[in-house]
Amino acid sequence: MTNLMDRREVLGATSLAAATCLLGSGGAEAELASGNLTVHVLDLYSGTPAKGVKVELFMRRGEQLTALKSVVTDTDGRSGTLLAGDAFAAGRYLLAVDLSDYFKSADETLPANFYRKLSMEFEVTDVTLPVQIPLQCTPWTQACSVLPG
Amino acid sequence: MSIRVARRTLLKTGIAAGVTVSATSVIAQHSPAKLSTHALDTYQGKPAAGIRIDFSRKEGDAWKLLKTFTADENGRVGEQGTLMNADTMAIGRYELLFYVEEYYKRSGVRLTDPAFLDTVPVRFAIFDAKQSYHVPLYFSPWGIMSYRGS
């Protein structure tokens, strides 16, 4: 898979409109921005961080979704840095968190066909700011936030 | 930094038919133990810098104020162990009282008079003095959420 994002030019404090114009343009080495994207999954069923949850990140361009990352949360329920530096670009993203296997292994009373996959779309406009996405969940409730800074 | 892993058994009650099951859960425990909180203003989408937080402990039937804190610019208190740390952590019932109305008034957010939410208490137990506890509050003028974080 070719990664279009590797060669994207990102300017530190451009407006969304300006940044959108730069999408797909190759060339200059990216200027390092301090922004990044992280996900943190908390299991409110067990009162612990949710380890081993599959987290996928896509970028949306119109109707097209491009897979960027697929990771599994660590022992602290964290995704690690999904995007940073020149890969953290302005634009629209889709985050998908699959809680099915996680909760089925945590709770044997859940039916075998229990399926719960949370997906959310959001826009990044300022690539100089970190974006944190905490997710608190039980098998029956999911609360997801997109927090700047 | 070393990470201690504490294993404990949690008793959980299934929702369906009140079925009780037991399961073993692994909690990643970063040493040293501490209590921390994080106040997030979900109305303005930013940390609740400067919000006042009263920290109390239950003694008998009464709540005894231990100390009043002001959240830092990131909305945090206790990251350096100022709420409770490995030396002071004690099993018991505690309360964090968040001054939501006062915070919004100072922020210039228009509220009803009186405001829907005044102060918001979160009461929780320290049940194992060797663990760390992160107890955040997400709040807007109209709703709150808290949970055991990490």
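**Close-up views of a predicted model**

**Figure 1. The helix of chain B and its buried face.** Helix H1 of chain B has as its buried residues B:Val100, B:Glu101, B:Tyr103 and B:Tyr104. Viewed along the helix axis, these buried residues of H1(B) fall within an arc of 160°, so they line one face of the helix. That face packs against E9, E10 and strand E12 (137-140) of chain B. The structure shown here and in the figures below is a predicted model.

Figure 2. Chain B contains one helix and 13 strands. Along the sequence these elements follow the pattern β-β-β-β-β-β-β-β-β-α-β-β-β-β. Of the 150 residues in chain B, 26% count as buried. Among the contacts of chain B with a separation of 6 or more, 59% are between residues 24 or more positions apart. The mean pLDDT of the chain is 85, with 80% of its residues reaching 70 or more. Over residues 1-26 of chain B, however, the pLDDT is below 50, although this stretch has 39 contacts in the model beyond near neighbours in sequence. Where pLDDT is low, the predicted coordinates should not be read in detail. For the model, the scores are ipTM 0.73 and pTM 0.76.

**Figure 3. A four-stranded open sheet in chain B.** Four strands of chain B form an open sheet with antiparallel pairing, in the order E6-E5-E9-E10. Strand E6 (62-70) and strand E10 (119-126) stand at the edges with a single partner strand each, so one side of each is left without a neighbour in the sheet. From one strand to the next, the twist averages 25°. Strand E5 (residues 52-59) and strand E9 (residues 92-99) of chain B run antiparallel and are joined by five bridges. Within this pairing, B:Asp54 has B:Leu97 in E9(B) as its bridge partner. Helix H1 (residues 100-107) of chain B packs on the sheet and touches E5, E9 and E10 of chain B. The direction of the helix makes about 25° with that of E9(B).

**Figure 4. Surroundings of B:Leu96.** B:Leu96 is located in strand E9 of chain B. This residue has 24 other C-beta atoms within 10 Å and is therefore buried. Not counting residues up to four places away in sequence, B:Leu96 touches B:Thr37, B:Ile53, B:Phe55, B:Val122 and B:Val135. Between B:Leu96 and B:Leu117, which are 21 residues apart in sequence, the C-alpha to C-alpha distance is 15 Å.

**Figure 5. An exposed loop residue, B:Asp113.** The loop between H1 and E10 of chain B holds B:Asp113. B:Asp113 counts as exposed because it has 6 C-beta neighbours inside 10 Å. B:Asp113 and B:Ala125 are 12 residues apart along the chain, and their C-alpha atoms are separated by 33 Å.

**Figure 6. A four-stranded open sheet in chain A.** In chain A, an open sheet of four strands has the order E4-E3-E6-E7, and its pairing is antiparallel. E3(A) and E6(A) run antiparallel and are joined by seven bridges. In this pairing, A:Val55 stands opposite A:Val97 in E6(A).

**Figure 7. The nonpolar cores.** The largest nonpolar core has 30 residues, of which A:Val39, A:Val41, A:Val53, A:Val97 and A:Leu135 touch the most other members. Two or more residues each are given to this core by strand E1 (36-43), strand E3 (54-61), strand E5 (78-84), strand E6 (91-98), helix H2 (100-106) and strand E8 (131-137) of chain A. Neighbours within four places in sequence aside, A:Leu135 is in contact with A:Val39, A:Val41, A:Leu42, A:Val97, A:Gln142 and A:Cys144. A second, separate core comprises 23 residues, including B:Leu83, B:Met84, B:Tyr103 and B:Leu137. B:Tyr103 is also one of the buried residues of H1(B).

Terms used: Residues are numbered from 1 along each chain as its sequence is written. Chains are lettered from A and ligands numbered from 1 in the order in which they are written. This is a predicted model: local features need pLDDT of at least 70, side-chain atom pairs count only at pLDDT 80 or more; totals for chains, interfaces and linings use all residues. pLDDT is the predictor's confidence in each residue, from 0 to 100. Two residues are in contact if their C-beta atoms, placed from the backbone, lie within 7 Å. Two strands pair if DSSP finds at least two bridges between them. Axes are lines fitted to C-alpha atoms, for helices over the stretch in contact, and angles run from 0 to 180 degrees between N-to-C directions. A residue is buried if 20 or more other C-beta atoms lie within 10 Å of its own, exposed if 12 or fewer, and partly exposed in between; C-beta atoms are placed from the backbone. The arc is that of the directions from the helix axis to the C-beta atoms. A nonpolar core is a set of buried Ala, Val, Leu, Ile, Met, Phe, Trp, Tyr and Cys residues joined through C-beta atoms within 7 Å.
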